[in-house]
Amino acid sequence: MDFVMKQALGGATKDMGKMLGGEEEKDPDAQKKEEERQEALRQQEEERKAKHARMEAEREKVRQQIRDKVG
């Protein structure tokens, strides 16, 4: 029966103590990991903005070429 309960709960047995009011396990490297995650997100956002700026500059270049041909 114990096996069936573990299967039914999946990996939630560790979280059961928290749900029942027990103390949460603290990860000693949690702060460092969170800072690294935030830095990675910040870096990805900067790369995305730079990519979009390059794309927009290229589009504007093409637009200007079209204006020069038409006008």
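At 33% relative accessibility, E34 counts as partly exposed, a label for values between buried (under 20% relative accessible area) and exposed (over 50%), found with a 1.4 Å probe on protein chains only. Keep this residue in mind for the exercises below.

The model is predicted, so local features need pLDDT of at least 70, side-chain atom pairs count only at pLDDT 80 or more, and totals for chains, interfaces and linings use all residues. Residues are numbered from 1 along each chain as its sequence is written, and side-chain values use heavy atoms, with hydrogens and water left out.

**Exercise 1.** Find the helices and strands of the protein chain.

*Solution.* Start with the definition: helices (H or I, at least four residues) and strands (E, at least two) are DSSP runs, numbered from the N terminus. Next, count: there are 3 helices and 0 strands. Finally, read the order from the N terminus, which is α-α-α.

**Exercise 2.** Describe the salt bridge between R37 and E34.

*Solution.* First, recall the rule: a side-chain nitrogen of Lys or Arg lies within 4 Å of a carboxyl oxygen of Asp or Glu. Then check the distance, 2.9 Å from N to O. Now place the pair: both residues lie in helix α3, 3 residues apart, about one turn of the helix. R37 is partly exposed too, at 42%.

**Exercise 3.** Trace the salt-bridge network that includes E56.

*Solution.* Begin with R63, which bridges to E56 at 2.9 Å. Continue with R67, whose partner E60 is 3.0 Å away.
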